[in-house]
Amino acid sequence: MNTNEIMEQFEKYVIANYGRLPKAIVKGEGNYCFDAEGNKILDMFPGWAVSGIGHCHPKVVNAVQKQAAELLHVDNTFYIPAQGKLAEMLSKRAFGGKCFFCNSGAEANEAAMKLARKHTAKEKYKFITAEKSFHGRTFATVTATAQPKYQDGFLPMLPGFDYVPFNDVDALEKAFNDEVAAVMLEPIQGEGGINVATVEYLQAARELCDKHGALLILDEVQTGLGRTGKWFGYQHFDVGPDIITLAKALGGGVAIGAMMATSEVAASLVPGTHASTFGGNPLACSAGIAVIEAIEEEGLLENAINMGSYAVEKLNALKEKHSIIDHIRGKGLMIGIQLNDQGADIVDKCLKKNLRINCTQGNVLRFMPGMTVTKEQIDDAVNILDSVLGGSDNNG
Ligand SMILES: *Cc1c(COP(=O)(O)O)cnc(C)c1O
């Protein structure tokens with residue numbers, strides 16, 4: 001089927017809850033994907049950060065093929081070797097906590113919020129989250145997502161949530177009281193526009209949580225697993241969370257989510273309190289193991305740092321040429337290009353030239369390539385962006 005036929009099929013049979021680009025993707029390889037017409041697209045936003053080490057990384061494909069032939073699924077009534085192994089690998093790269101596995105970012109955050117209520121004192125029920133946050137689309141996580149556009153039409157939201165401006169220590173302090181069960185923050189807001197937390201902010205959040213007996217939950221669904229140049233975003237901030245949540249890049253393209261909590265906090269989830277039928281299944285966990293191994297064996301944390309600074313350097317040079325670019329921000333390969341104007345058009349024009357990037361919040365272009373990205377690929381992407389901007393905006 002060609003793209004038009006596939007689009008017609010969607011029109012008839014698939015609920016239209018996504019604004020889709022007019023392309024059907026049929027194959028992925030590293031930092032490229034291919035559409036139904038055979039066009040090769042340079043993918044600087046693979047799977048919204050899911051394909052964190054590029055499309056179809058051979059180590060992940062191999063691990064999944066092997067596991068699929070061995071045991072696709074077994075339920076959590078039994079011990080699952082790959083689940084234990086992945087938990088140990090994550091724990092040793094984080095703060096030595098324990099993992100609960102699920103299938104998505106929203107589910108990981110749901111688990112985190114349930115655990116926070118279960119673990120803290122009875123009178124504590126409130127969650128504080130930040131404006132421009134993004135935590136998912138289920139009722140609790142969309143309530144936590146302090147952006148009206150995601151809540152409109154679904155009111156009332158769940159009770160017990162307070163929103164504060166991001167990176168504002170005073171506001172956080174004012175919002176705090178002894179009813180707060182947890183503060184949930186992204187170390188770097190992704191969907192919100194690549195807004196990097198300040199060290200003081202996360203450390204103040206930690207201190208306030210300690211003072212009031214609340215938990216600090218860091219949503220690492222987008223920052224997690226290496227993209228920023230460290231395994232977890234919080235490791236840039238010298239702060240210790242009680243709970244982190246992961247998903248997107250963890251399975252290298254296979255659906256998996258995880259919540260990791262310190263052993264003390266984790267002890268509150270006893271049999272019967274929380275569960276997920278698919279969570280921690282052998283297939284997803286074997287993919288997760290392969291992702292971590294690939295990152296280590298191929299030095300991809302280092303590559304994320306090096307290619308991140310290379311891309312920022314190139315993008316800053318582009319800024320000198322195009323007044324529509326206000327500034328570049330981010331960490332590692334989590335890069336936002338703040339525009340002075342709307343960016344949706346730029347995304348469309350790039351795609352016509354076989355470059356895939358993303359635009360969030362209307363005016364922030366997101367560059368989040370796979371951690372295997374090369375200088376040549378960054379050059380290609382920047383050149384295409386340059387030519388696209390040249391057409392719409394050029395102050396010489
Ligand atoms: C994508 C995202 C989520 C939601 O993940 P889903 O897998 O879509 O449920 C939650 N938090 C952050 C920071 C995200 O980027």
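This report describes a ligand site, a pocket and several individual residues in one protein structure. The model is predicted.

## The ligand and its surroundings

The backbone takes part through alanine 106, where a polar atom is 2.8 Å from an oxygen atom of the ligand. A polar backbone atom of phenylalanine 134 is 3.1 Å from a nitrogen atom of the ligand. From glutamine 222 a polar side-chain atom takes part, 2.8 Å from an oxygen atom of the ligand. How much of the ligand's exposed area does the protein bury? Taken alone, the ligand exposes 380 Å², and the protein buries 80% of that.

## The second largest pocket

The second largest pocket holds about 750 Å³ of space. It is lined by 26 residues, and those closest to its centre are Asn76, Gln83, Cys99, Phe100 and Phe101. By class, the lining has 16 nonpolar, nine polar and one charged residues.

Which elements each supply at least two residues of this lining? They are helix H3 (81-93), strand E4 (98-102), strand E12 (257-261) and helix H9 (263-266). Strand E4 gives the most, with four residues.

Aspartate 43 is part of strand E3, residues 40-43. Its relative accessibility is 2%, so aspartate 43 counts as buried, the cut-off for that class being under 20%. The side chain of aspartate 43 has polar partners in both backbone and side chain. It reaches the backbone nitrogen of phenylalanine 45 at 3.1 Å. It also makes a polar contact of 2.7 Å with the side chain of histidine 55.

Aspartate 35 belongs to strand E2, residues 32-35. Is aspartate 35 buried or exposed? Aspartate 35 counts as buried because its relative accessibility is 2%. Along the chain, aspartate 35 and alanine 24 are eleven residues apart, and their C-alpha atoms are separated by 5.3 Å.

## Residues in helices

With a relative accessible area of 47%, lysine 118 is partly exposed. Lysine 118 and isoleucine 6 are 112 residues apart along the chain, and 46 Å separates their C-alpha atoms.

Tyrosine 150 is found in helix H6. Its relative accessible area is 13%, so tyrosine 150 is buried. In sequence, tyrosine 150 is 50 residues from phenylalanine 100, and the C-alpha atoms of the two are 27 Å apart in space. Phenylalanine 100 is one of the residues closest to the centre of the second largest pocket.

## Backbone geometry in the loops

Most residues other than glycine have a negative phi, and most peptide bonds are trans. The residues below depart from one or other of these patterns.

A cis peptide bond, with omega about 0°, joins leucine 155 and proline 156. Proline 156 sits in the loop between helix H6 (148-151) and strand E6 (161-164).

Which residues have a positive phi although they are not glycine? Lysine 132 has a phi of about 70°, and aspartate 238 has one of about 50°. The loop that holds lysine 132 runs between strand E5 (126-130) and helix H5 (139-144). Aspartate 238 is in the loop between strand E10 (215-219) and strand E11 (243-246).

The table lists the accessibility of these two residues with that of the residues described earlier.

| Residue | Relative accessible area | Class |
|---|---|---|
| Aspartate 35 | 2% | buried |
| Aspartate 43 | 2% | buried |
| Tyrosine 150 | 13% | buried |
| Lysine 132 | 41% | partly exposed |
| Lysine 118 | 47% | partly exposed |
| Aspartate 238 | 67% | exposed |

Key:
Residues numbered from 1 in each chain as written. Heavy atoms only, no water. Polar contact = N/O pair within 3.5 Å; in protein donor to acceptor, adjacent residues only side chain to side chain. Areas by Shrake-Rupley, 256 points an atom, 1.4 Å probe, with all protein chains shown as cover. 1 Å grid on protein atoms, 1.4 Å probe; cavity = no way out; pocket = protein on both sides within 12 Å on 5 of 7 lines; lining within 4 Å. Points joined across faces, edges and corners; volume = space filled by probe spheres on them. Nonpolar A, V, L, I, M, F, W, Y, C, P; charged D, E, K, R; others polar. Buried < 20%, exposed > 50% of the residue type's maximum accessible area, 1.4 Å probe, protein only.
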